[in-house]
Amino acid sequence: MDRFVYKKSAGITALSASMQDFTYKKHAHEEYAIGVTLRGIQHFHLNGNLQLSHPSGIMLFNPEDTHDGMAHDADGLDYVMLYIGPKLLLEVTGEKDIIRFPEPVVYNAQLERKIRQLAQTVLNGQNEALSSEMLLSLADSLIQTDHSANYGNDNALIKKAKDSLHAHVKGILTLDEISGELGMSKYQFIRSFKSAAGITPYQYFLNAKVECAKQLIEQTGDIYEAVTEYGFVDLTHLNKHFKSIYGITAFEYWSHIAHKGKRKELWR
C-alpha cells in the first residue's frame, strides 16, 4: 500500500513515505531534497544516470535536479525526506554561495541519524525551536563545517539570553523572538549560545522548565499543576524530561520528598 505523509515546521517540509506500486514521473524541486532509505531499495534516475539507494542510503538532491523514483523490486520501499529551501540553507550555514551536493547517494551513520531525527521531530509536530536547532546541526554536517571557534564567550549576551529564556519558561520557546531581542539571527543565536553555554537554547529552556516544575512540586505536591503551569503537553511529557535530568519521574521524585517529610514529622 502506498502512503505519503507530509508535515512542515520551521520552514522544513518532512515526508514519511511507503510505496510499492507508485512511480514518480520525472520532476525537479526548487528545494534541496535530503532523505534516508529505511527499507527496500530506492531506484531513481538523476540527470539521466541510474542510482540505487539501499537501506541507510542518504539521498541528496540539489534544487532543479531532474529525477524520477520507484521501488526497485516487489518488496516495496520506506523512506523519509526533508525539503529545505536554498535561502533557508544559506541562512543556516552562513554560506554566501549556492551549495551543491556532488554525490546523489552517500552512506554516513552520523548524517543518517541527524536526518531521521529531524524528520521525526517535524512529523511529530514538536517544538519549532527544536527543529531549527536540529536543522543547524544537520547543515553543519552536510557541509562538514565547524563554526564553534567563531563565537567567543560574551558573558553579558549569554546572561541576557538566559534571562529571556527564563522569562518565557511558562510558554513555548520562540527563537525568532529571543534572537530578535538580542539583535541576532536565529541561527547566529543558536551557535553563540551553544558555544558559550555548552548546550543549545532549547535544551537550556527545557532544563529551566523542569527545574521550575520541580520547585512547584516541592512546594505544593501537585504534579498536574506543574504540568499545566509550565506548559508541558501532559504528565508523560514532563516525566520524560524530568527523568532525563533526575533519573526518576516527577511522581517518583515527589514520593521520595513526601516520605522524607513524614519521617521528619515522626521525630518531632
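I took a salt bridge to be a side-chain nitrogen of Lys or Arg within 4 Å of a carboxyl oxygen of Asp or Glu, and I kept in mind that the model is predicted.

Entry on helix 7. With that cut-off I looked up E211 and K214, whose side chains meet in a salt bridge at 3.8 Å, N to O. The two lie 3 residues apart in helix 7 (residues 201-220), so about one helical turn separates them. I noted E211 as partly exposed, with a relative accessible area of 27%, and K214 as buried, at 13%. Salt bridges with shared partners join E211, K214 and E218 into one network.

Entry on other pairs. I found 9 salt bridges in the structure. One of them pairs K170 with E229 at 2.5 Å, N to O; K170 sits in the loop between helix 4 (155-167) and helix 5 (175-181) and E229 in helix 8 (residues 223-229), so this pair ties together parts 59 residues apart in sequence. I also looked up K186 and D176, whose closest N and O atoms are 3.9 Å apart; they tie helix 6 (residues 186-197) to helix 5, and K186 is buried, with a relative accessible area of 12%.

Entry on the cores. I then turned to the largest nonpolar core, which has 47 residues and counts I12, I34 and F189 among those with the most contacts inside it. Helix 3 (residues 128-142) gives the largest share of this core, 7 residues. Beyond its neighbours within four places in sequence, I34 has contacts that include M59, L82, F101 and L142. Apart from this core I found another, of 17 residues, including V210, I223, A226 and F242.

Note on methods: Residues are numbered from 1 along each chain as its sequence is written. This is a predicted model: local features need pLDDT of at least 70, side-chain atom pairs count only at pLDDT 80 or more; totals for chains, interfaces and linings use all residues. Side-chain values use heavy atoms; hydrogens and water are left out. A nonpolar core is a set of buried Ala, Val, Leu, Ile, Met, Phe, Trp, Tyr and Cys residues joined through side-chain atoms within 4.5 Å. Buried means under 20% relative accessible area, exposed over 50%, partly exposed in between (1.4 Å probe, protein chains only). Helices (H or I, at least four residues) and strands (E, at least two) are DSSP runs, numbered from the N terminus. Contact means heavy atoms within 4.5 Å.
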